[in-house]
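Let's work through some exercises together, one step at a time. Keep the sequence and the 3D view open as you go.

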Amino acid sequence: MKKNIYLTILISLCSIGVLAQQTNSEFTLVGNFIGTPINKVVMTYPDSNGKRQVAIDTLKKNTFIFKGNIKGVTVANFMITPATQIEASNLFDGFVFFKVYLEPNKMTLIGDVANIVDMEFTGSETQREYKMFLPDFWPIRKRLNTLMAAYYAEKDLEKQKLLGRDMLPFQKQMGEMTYRFCTEHPKSFVSADLATNFKFDIGFDSLKFIYENLSSEVKTSSAGRLLAYEIKRVEAGSPGSNAISFSKEDINGKPISLSEFKGKYVLLDFWASWCIPCREGNPHLLELYKRYKSKGFEIIGISDNDRNPIAWKEAVKKDKIGVWKHILRGHDTTLKRGVKDPNDLSELYGVDLLPTKILIDPNGKIIGRYKGSSEIVNSSLDKLLASIFK
(Lines give C-alpha, C1' and ligand atoms only; values in the text may rest on other atoms or scores of the structure.)
Protein backbone atom coordinates (compact mmCIF):
# COMPACT_ATOMS: atom_id res chain seq x y z
CA MET A 1 0.00 0.00 0.00
CA LYS A 2 1.18 3.50 -0.72
CA LYS A 3 1.34 4.64 2.87
CA ASN A 4 3.48 1.61 3.76
CA ILE A 5 5.89 2.42 0.95
CA TYR A 6 6.31 5.98 2.16
CA LEU A 7 6.66 4.82 5.75
CA THR A 8 9.52 2.65 4.58
CA ILE A 9 11.09 5.44 2.52
CA LEU A 10 10.43 8.41 4.79
CA ILE A 11 12.34 7.60 7.97
CA SER A 12 10.76 9.42 10.91
CA LEU A 13 12.30 12.85 11.41
CA CYS A 14 12.38 13.12 15.17
CA SER A 15 15.22 15.49 16.11
CA ILE A 16 17.29 18.00 14.20
CA GLY A 17 20.98 18.56 14.61
CA VAL A 18 24.44 17.12 14.10
CA LEU A 19 26.80 16.08 16.89
CA ALA A 20 30.34 17.39 16.70
CA GLN A 21 32.00 15.92 19.81
CA GLN A 22 35.37 14.34 19.07
CA THR A 23 35.17 10.63 19.93
CA ASN A 24 36.36 7.39 18.38
CA SER A 25 32.83 6.91 16.99
CA GLU A 26 32.87 10.14 15.02
CA PHE A 27 32.16 10.16 11.30
CA THR A 28 32.54 12.81 8.66
CA LEU A 29 30.73 12.55 5.36
CA VAL A 30 31.57 14.95 2.55
CA GLY A 31 29.22 14.81 -0.40
CA ASN A 32 29.45 16.29 -3.87
CA PHE A 33 26.47 15.78 -6.18
CA ILE A 34 27.36 16.14 -9.83
CA GLY A 35 25.01 16.26 -12.78
CA THR A 36 21.61 16.88 -11.22
CA PRO A 37 21.53 20.20 -9.31
CA ILE A 38 20.29 19.85 -5.71
CA ASN A 39 18.36 22.26 -3.49
CA LYS A 40 18.41 20.36 -0.22
CA VAL A 41 19.74 17.12 1.24
CA VAL A 42 18.35 15.46 4.38
CA MET A 43 20.13 12.54 6.03
CA THR A 44 18.59 10.63 8.95
CA TYR A 45 20.48 8.13 11.10
CA PRO A 46 20.60 6.79 14.68
CA ASP A 47 23.47 8.28 16.68
CA SER A 48 25.73 6.42 19.11
CA ASN A 49 22.97 6.62 21.75
CA GLY A 50 20.32 5.26 19.39
CA LYS A 51 18.62 8.66 19.05
CA ARG A 52 17.34 9.54 15.60
CA GLN A 53 19.33 12.43 14.15
CA VAL A 54 18.44 14.54 11.15
CA ALA A 55 21.18 16.34 9.25
CA ILE A 56 19.95 18.99 6.83
CA ASP A 57 21.88 21.11 4.35
CA THR A 58 20.70 23.59 1.74
CA LEU A 59 23.40 23.00 -0.80
CA LYS A 60 25.70 25.50 -2.41
CA LYS A 61 27.65 24.18 -5.37
CA ASN A 62 25.98 20.80 -4.73
CA THR A 63 28.30 20.08 -1.79
CA PHE A 64 27.49 19.15 1.83
CA ILE A 65 29.37 18.09 4.96
CA PHE A 66 27.78 16.06 7.78
CA LYS A 67 29.46 15.10 11.05
CA GLY A 68 28.22 13.04 13.95
CA ASN A 69 28.75 10.10 16.26
CA ILE A 70 27.57 6.58 15.54
CA LYS A 71 27.90 3.15 17.11
CA GLY A 72 29.56 0.92 14.55
CA VAL A 73 28.08 0.41 11.10
CA THR A 74 24.93 2.54 10.76
CA VAL A 75 22.30 2.83 8.05
CA ALA A 76 21.68 6.41 6.92
CA ASN A 77 18.71 7.36 4.74
CA PHE A 78 18.85 10.24 2.28
CA MET A 79 15.97 12.35 1.02
CA ILE A 80 17.14 14.68 -1.75
CA THR A 81 15.28 17.65 -3.23
CA PRO A 82 16.41 18.17 -6.85
CA ALA A 83 16.53 21.75 -8.14
CA THR A 84 15.08 20.64 -11.47
CA GLN A 85 12.65 17.97 -12.64
CA ILE A 86 14.42 14.68 -13.24
CA GLU A 87 13.65 11.09 -14.08
CA ALA A 88 15.04 8.60 -11.59
CA SER A 89 13.95 5.13 -10.53
CA ASN A 90 14.32 6.13 -6.87
CA LEU A 91 12.16 9.27 -7.26
CA PHE A 92 8.95 9.49 -5.20
CA ASP A 93 6.72 12.56 -4.93
CA GLY A 94 9.52 14.76 -6.23
CA PHE A 95 12.17 13.47 -3.79
CA VAL A 96 15.07 11.13 -4.46
CA PHE A 97 15.63 8.44 -1.82
CA PHE A 98 18.58 6.15 -1.18
CA LYS A 99 20.59 4.79 1.71
CA VAL A 100 24.25 4.40 2.61
CA TYR A 101 26.13 2.50 5.29
CA LEU A 102 28.06 4.86 7.55
CA GLU A 103 31.15 3.80 9.49
CA PRO A 104 33.11 5.75 12.15
CA ASN A 105 35.45 7.16 9.54
CA LYS A 106 36.05 9.95 7.05
CA MET A 107 33.86 9.22 4.03
CA THR A 108 33.08 10.81 0.69
CA LEU A 109 30.04 10.53 -1.56
CA ILE A 110 30.32 11.65 -5.19
CA GLY A 111 27.89 11.15 -8.03
CA ASP A 112 24.57 11.92 -9.66
CA VAL A 113 21.49 11.24 -7.50
CA ALA A 114 19.67 10.10 -10.65
CA ASN A 115 22.05 7.12 -10.86
CA ILE A 116 22.84 5.71 -7.42
CA VAL A 117 24.47 2.55 -8.79
CA ASP A 118 27.40 4.55 -10.17
CA MET A 119 27.79 6.87 -7.17
CA GLU A 120 31.25 6.66 -5.59
CA PHE A 121 31.37 6.17 -1.82
CA THR A 122 34.74 5.89 -0.09
CA GLY A 123 35.66 5.23 3.54
CA SER A 124 33.07 2.51 4.23
CA GLU A 125 33.84 -1.15 3.63
CA THR A 126 30.18 -1.97 4.30
CA GLN A 127 29.07 0.38 1.53
CA ARG A 128 31.51 -1.36 -0.81
CA GLU A 129 29.81 -4.67 0.00
CA TYR A 130 26.40 -3.11 -0.64
CA LYS A 131 27.55 -1.80 -3.99
CA MET A 132 28.32 -5.38 -5.08
CA PHE A 133 24.62 -6.11 -4.64
CA LEU A 134 23.26 -3.12 -6.57
CA PRO A 135 24.20 -3.61 -10.27
CA ASP A 136 22.07 -6.73 -10.82
CA PHE A 137 19.41 -5.76 -8.31
CA TRP A 138 18.74 -2.16 -9.28
CA PRO A 139 17.32 -2.74 -12.80
CA ILE A 140 14.69 -5.01 -11.23
CA ARG A 141 13.97 -2.46 -8.51
CA LYS A 142 13.74 0.25 -11.16
CA ARG A 143 11.14 -1.70 -13.14
CA LEU A 144 9.16 -2.43 -9.99
CA ASN A 145 9.19 1.24 -8.98
CA THR A 146 7.80 2.17 -12.41
CA LEU A 147 4.97 -0.35 -12.04
CA MET A 148 4.34 0.81 -8.49
CA ALA A 149 3.97 4.43 -9.59
CA ALA A 150 1.54 3.36 -12.33
CA TYR A 151 -0.37 1.21 -9.83
CA TYR A 152 -1.06 4.09 -7.46
CA ALA A 153 -1.85 6.52 -10.27
CA GLU A 154 -4.37 4.15 -11.88
CA LYS A 155 -8.00 4.89 -10.97
CA ASP A 156 -9.53 1.91 -12.75
CA LEU A 157 -9.59 -0.95 -10.23
CA GLU A 158 -9.38 -3.70 -12.85
CA LYS A 159 -6.33 -2.12 -14.50
CA GLN A 160 -4.81 -1.53 -11.09
CA LYS A 161 -5.30 -5.21 -10.26
CA LEU A 162 -3.46 -6.21 -13.44
CA LEU A 163 -0.58 -3.90 -12.57
CA GLY A 164 -0.43 -5.50 -9.13
CA ARG A 165 -0.07 -8.90 -10.73
CA ASP A 166 2.63 -7.57 -13.06
CA MET A 167 4.67 -6.64 -10.00
CA LEU A 168 4.77 -10.16 -8.57
CA PRO A 169 7.55 -11.59 -10.83
CA PHE A 170 9.82 -8.65 -9.99
CA GLN A 171 9.16 -9.04 -6.27
CA LYS A 172 10.02 -12.72 -6.58
CA GLN A 173 13.26 -11.88 -8.40
CA MET A 174 14.22 -9.36 -5.70
CA GLY A 175 13.62 -11.97 -3.03
CA GLU A 176 15.75 -14.55 -4.84
CA MET A 177 18.60 -12.11 -5.39
CA THR A 178 18.49 -10.92 -1.78
CA TYR A 179 18.47 -14.49 -0.47
CA ARG A 180 21.44 -15.42 -2.66
CA PHE A 181 23.48 -12.40 -1.55
CA CYS A 182 22.68 -12.91 2.14
CA THR A 183 23.59 -16.60 2.12
CA GLU A 184 26.81 -15.91 0.22
CA HIS A 185 27.84 -13.08 2.59
CA PRO A 186 27.02 -14.27 6.14
CA LYS A 187 29.70 -12.02 7.65
CA SER A 188 28.28 -8.83 6.15
CA PHE A 189 26.16 -6.28 8.04
CA VAL A 190 24.49 -5.68 4.67
CA SER A 191 23.04 -9.20 4.65
CA ALA A 192 21.16 -8.69 7.92
CA ASP A 193 19.89 -5.30 6.78
CA LEU A 194 18.76 -6.51 3.34
CA ALA A 195 17.05 -9.56 4.83
CA THR A 196 15.02 -7.31 7.11
CA ASN A 197 14.13 -4.89 4.31
CA PHE A 198 13.02 -7.60 1.89
CA LYS A 199 11.51 -10.04 4.38
CA PHE A 200 8.21 -10.13 2.43
CA ASP A 201 9.94 -11.15 -0.79
CA ILE A 202 12.25 -13.71 0.84
CA GLY A 203 9.75 -15.75 2.81
CA PHE A 204 9.77 -16.60 6.51
CA ASP A 205 11.63 -19.92 6.40
CA SER A 206 14.36 -18.42 4.21
CA LEU A 207 14.54 -15.43 6.52
CA LYS A 208 15.21 -17.71 9.49
CA PHE A 209 17.82 -19.65 7.51
CA ILE A 210 19.64 -16.41 6.65
CA TYR A 211 19.69 -15.34 10.30
CA GLU A 212 20.85 -18.71 11.61
CA ASN A 213 23.81 -18.67 9.21
CA LEU A 214 24.95 -15.11 9.98
CA SER A 215 28.24 -14.73 11.80
CA SER A 216 28.02 -14.09 15.56
CA GLU A 217 29.37 -10.58 14.99
CA VAL A 218 26.61 -9.72 12.51
CA LYS A 219 23.95 -11.28 14.75
CA THR A 220 24.94 -8.94 17.59
CA SER A 221 25.02 -5.87 15.33
CA SER A 222 22.09 -3.44 15.20
CA ALA A 223 20.94 -4.96 11.89
CA GLY A 224 21.26 -8.49 13.26
CA ARG A 225 19.25 -7.67 16.37
CA LEU A 226 16.53 -6.05 14.27
CA LEU A 227 16.33 -9.12 12.04
CA ALA A 228 16.03 -11.35 15.12
CA TYR A 229 13.26 -9.13 16.43
CA GLU A 230 11.34 -9.31 13.12
CA ILE A 231 11.60 -13.10 13.14
CA LYS A 232 10.37 -13.24 16.73
CA ARG A 233 7.37 -11.04 15.85
CA VAL A 234 6.29 -13.32 13.02
CA GLU A 235 6.83 -16.46 15.11
CA ALA A 236 4.42 -15.06 17.71
CA GLY A 237 1.69 -15.23 15.09
CA SER A 238 2.77 -18.44 13.37
CA PRO A 239 1.68 -22.10 13.64
CA GLY A 240 2.79 -23.76 16.85
CA SER A 241 2.51 -20.62 18.99
CA ASN A 242 -0.29 -19.92 21.43
CA ALA A 243 -2.55 -17.12 20.19
CA ILE A 244 -2.00 -13.87 22.07
CA SER A 245 -5.11 -12.99 24.04
CA PHE A 246 -6.78 -9.62 23.51
CA SER A 247 -9.84 -7.61 24.48
CA LYS A 248 -11.18 -4.84 22.26
CA GLU A 249 -14.30 -2.85 21.46
CA ASP A 250 -16.06 -4.10 18.35
CA ILE A 251 -17.53 -2.13 15.45
CA ASN A 252 -20.77 -1.64 17.43
CA GLY A 253 -19.01 -0.41 20.55
CA LYS A 254 -19.43 -3.68 22.44
CA PRO A 255 -16.57 -5.45 24.27
CA ILE A 256 -15.08 -8.53 22.66
CA SER A 257 -12.25 -10.82 23.73
CA LEU A 258 -10.54 -13.76 22.05
CA SER A 259 -11.23 -15.92 25.10
CA GLU A 260 -14.96 -15.80 24.27
CA PHE A 261 -14.27 -18.02 21.27
CA LYS A 262 -12.49 -20.82 23.11
CA GLY A 263 -13.72 -24.17 21.82
CA LYS A 264 -14.11 -22.86 18.26
CA TYR A 265 -11.86 -22.44 15.26
CA VAL A 266 -11.20 -18.73 14.84
CA LEU A 267 -9.80 -17.01 11.77
CA LEU A 268 -8.19 -13.63 12.45
CA ASP A 269 -8.51 -11.66 9.21
CA PHE A 270 -6.09 -8.71 9.11
CA TRP A 271 -7.36 -6.35 6.41
CA ALA A 272 -8.22 -2.70 5.63
CA SER A 273 -10.84 -0.77 3.69
CA TRP A 274 -8.14 0.60 1.35
CA CYS A 275 -6.59 -2.84 0.66
CA ILE A 276 -7.88 -3.97 -2.73
CA PRO A 277 -6.78 -7.64 -2.41
CA CYS A 278 -8.44 -7.75 1.02
CA ARG A 279 -11.73 -6.46 -0.33
CA GLU A 280 -11.60 -8.80 -3.33
CA GLY A 281 -11.21 -11.75 -0.97
CA ASN A 282 -14.28 -10.93 1.12
CA PRO A 283 -16.78 -12.87 -1.08
CA HIS A 284 -14.67 -15.99 -0.61
CA LEU A 285 -14.54 -15.44 3.15
CA LEU A 286 -18.32 -15.09 3.17
CA GLU A 287 -18.61 -18.48 1.47
CA LEU A 288 -16.33 -20.09 4.06
CA TYR A 289 -18.21 -18.48 6.92
CA LYS A 290 -21.61 -19.67 5.67
CA ARG A 291 -20.24 -23.17 5.05
CA TYR A 292 -18.57 -23.72 8.41
CA LYS A 293 -20.18 -21.38 10.97
CA SER A 294 -22.64 -24.00 12.20
CA LYS A 295 -19.72 -26.40 12.70
CA GLY A 296 -17.82 -24.13 15.07
CA PHE A 297 -16.02 -21.65 12.78
CA GLU A 298 -15.76 -17.92 13.53
CA ILE A 299 -14.03 -14.94 11.94
CA ILE A 300 -12.74 -11.80 13.62
CA GLY A 301 -11.93 -9.03 11.16
CA ILE A 302 -9.02 -6.87 12.39
CA SER A 303 -8.87 -3.68 10.36
CA ASP A 304 -5.98 -1.29 9.79
CA ASN A 305 -8.34 1.70 9.75
CA ASP A 306 -7.55 3.28 13.10
CA ARG A 307 -7.04 6.62 11.38
CA ASN A 308 -10.30 6.38 9.45
CA PRO A 309 -12.96 4.31 11.25
CA ILE A 310 -15.69 5.76 9.02
CA ALA A 311 -14.13 4.13 5.94
CA TRP A 312 -13.87 0.89 7.94
CA LYS A 313 -17.56 0.85 8.78
CA GLU A 314 -18.55 1.75 5.22
CA ALA A 315 -16.43 -1.10 3.81
CA VAL A 316 -17.94 -3.64 6.22
CA LYS A 317 -21.42 -2.55 5.16
CA LYS A 318 -20.67 -2.43 1.43
CA ASP A 319 -18.98 -5.86 1.39
CA LYS A 320 -21.77 -7.36 3.56
CA ILE A 321 -19.29 -8.86 6.00
CA GLY A 322 -20.97 -7.57 9.15
CA VAL A 323 -22.09 -11.17 9.83
CA TRP A 324 -18.88 -11.75 11.78
CA LYS A 325 -17.10 -9.70 14.45
CA HIS A 326 -14.99 -6.66 13.55
CA ILE A 327 -12.42 -4.70 15.53
CA LEU A 328 -9.65 -2.22 14.79
CA ARG A 329 -6.03 -3.31 15.19
CA GLY A 330 -5.69 -0.87 18.09
CA HIS A 331 -2.76 1.18 16.83
CA ASP A 332 -2.16 4.38 18.80
CA THR A 333 -1.73 6.91 15.98
CA THR A 334 -0.25 9.49 18.38
CA LEU A 335 2.87 7.40 19.02
CA LYS A 336 6.08 8.24 17.21
CA ARG A 337 7.32 5.75 14.64
CA GLY A 338 9.47 3.09 16.27
CA VAL A 339 7.72 3.28 19.65
CA LYS A 340 6.26 -0.10 20.62
CA ASP A 341 2.49 -0.19 21.03
CA PRO A 342 1.45 -3.02 23.41
CA ASN A 343 -2.17 -2.83 22.24
CA ASP A 344 -1.47 -3.07 18.51
CA LEU A 345 -2.64 -6.49 17.31
CA SER A 346 -0.74 -6.20 14.03
CA GLU A 347 2.44 -5.69 16.03
CA LEU A 348 1.66 -8.49 18.50
CA TYR A 349 0.94 -10.99 15.73
CA GLY A 350 3.80 -9.83 13.48
CA VAL A 351 1.53 -8.67 10.66
CA ASP A 352 3.14 -6.27 8.17
CA LEU A 353 1.37 -7.27 4.97
CA LEU A 354 -2.33 -7.20 4.16
CA PRO A 355 -4.23 -9.39 3.88
CA THR A 356 -2.91 -11.83 6.47
CA LYS A 357 -5.09 -14.55 7.98
CA ILE A 358 -4.27 -16.50 11.13
CA LEU A 359 -6.21 -19.64 12.06
CA ILE A 360 -6.53 -20.61 15.74
CA ASP A 361 -7.75 -23.98 16.99
CA PRO A 362 -10.26 -24.54 19.85
CA ASN A 363 -7.40 -24.75 22.38
CA GLY A 364 -6.00 -21.36 21.41
CA LYS A 365 -3.05 -22.63 19.38
CA ILE A 366 -2.23 -21.16 15.98
CA ILE A 367 -2.45 -23.81 13.25
CA GLY A 368 -2.29 -21.69 10.09
CA ARG A 369 -0.93 -18.39 8.79
CA TYR A 370 -1.83 -17.16 5.30
CA LYS A 371 -0.14 -14.11 3.80
CA GLY A 372 -1.46 -12.47 0.66
CA SER A 373 -4.41 -13.29 -1.56
CA SER A 374 -3.12 -15.63 -4.25
CA GLU A 375 -5.06 -18.70 -5.37
CA ILE A 376 -2.38 -20.87 -3.77
CA VAL A 377 -2.87 -19.13 -0.41
CA ASN A 378 -6.67 -19.42 -0.58
CA SER A 379 -6.47 -23.05 -1.65
CA SER A 380 -4.22 -23.88 1.30
CA LEU A 381 -6.71 -22.37 3.77
CA ASP A 382 -9.65 -24.09 2.04
CA LYS A 383 -7.99 -27.50 2.26
CA LEU A 384 -7.20 -27.14 5.96
CA LEU A 385 -10.76 -26.05 6.81
CA ALA A 386 -12.17 -28.87 4.70
CA SER A 387 -10.04 -31.41 6.58
CA ILE A 388 -11.11 -29.97 9.94
CA PHE A 389 -14.83 -29.88 9.21
CA LYS A 390 -15.14 -33.01 7.06
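**Exercise 1. Which residues of α4 are buried?**

Step 1. Buried means under 20% relative accessible area, with over 50% called exposed and the range in between partly exposed (1.4 Å probe, protein chains only). Helices (H or I, at least four residues) and strands (E, at least two) are DSSP runs, numbered from the N terminus.

Step 2. The buried residues of α4 are Phe 189, Val 190, Ser 191, Ala 192, Asp 193, Leu 194, Ala 195 and Thr 196. Helix α4 covers residues 189–197, and eight of its nine residues are buried.

A note on the source: this is a predicted model, in which local features need pLDDT of at least 70 and side-chain atom pairs count only at pLDDT 80 or more, while totals for chains, interfaces and linings use all residues. Residues are numbered from 1 along each chain as its sequence is written, and side-chain values use heavy atoms, leaving out hydrogens and water.

**Exercise 2. Find the order of the five strands in the open sheet, and explain which stand at the edges.**

Step 1. Two strands pair if DSSP finds at least two bridges between them. The order is β14-β13-β12-β15-β16, with mixed pairing.

Step 2. β14 (325–328) and β16 (366–371) each have a single partner strand, so one side of each lacks a neighbour in the sheet.

Step 3. Now look at one pair: β12 (residues 265–271) and β15 (residues 356–360) are antiparallel over five bridges. Here Phe 270 stands opposite Thr 356 of β15.

**Exercise 3. How do the axes of α10 and α13 cross?**

Step 1. Axes are lines fitted to C-alpha atoms, for helices over the stretch in contact, and angles run from 0 to 180 degrees between N-to-C directions. The axes of α10 (residues 282–292) and α13 (residues 375–388) come within 12 Å and cross at roughly 0 degrees.

Step 2. Angles under 35 degrees count as roughly parallel, so α10 is roughly parallel to α13.

Step 3. Contact means heavy atoms within 4.5 Å. On α10 it involves His 284, Leu 288 and Tyr 292; on α13, Asn 378, Leu 381, Asp 382, Leu 385 and Ala 386.

**Exercise 4. Is Asn 69 buried or exposed, and which side chain does it join in a polar contact?**

Step 1. Asn 69 lies in strand β4 (residues 63–69). Its relative accessibility is 3%, so Asn 69 counts as buried.

Step 2. A polar contact is a pair of N or O atoms within 3.5 Å; within protein, one must be able to donate a hydrogen and the other to accept it, and residues adjacent in sequence count only if both atoms are side-chain atoms. The side chains of Asn 69 and Ser 25 are joined by one of 3.3 Å.

How values were computed. Angles under 35 degrees count as roughly parallel, over 145 as roughly antiparallel, 65 to 115 as roughly perpendicular and the rest as oblique.
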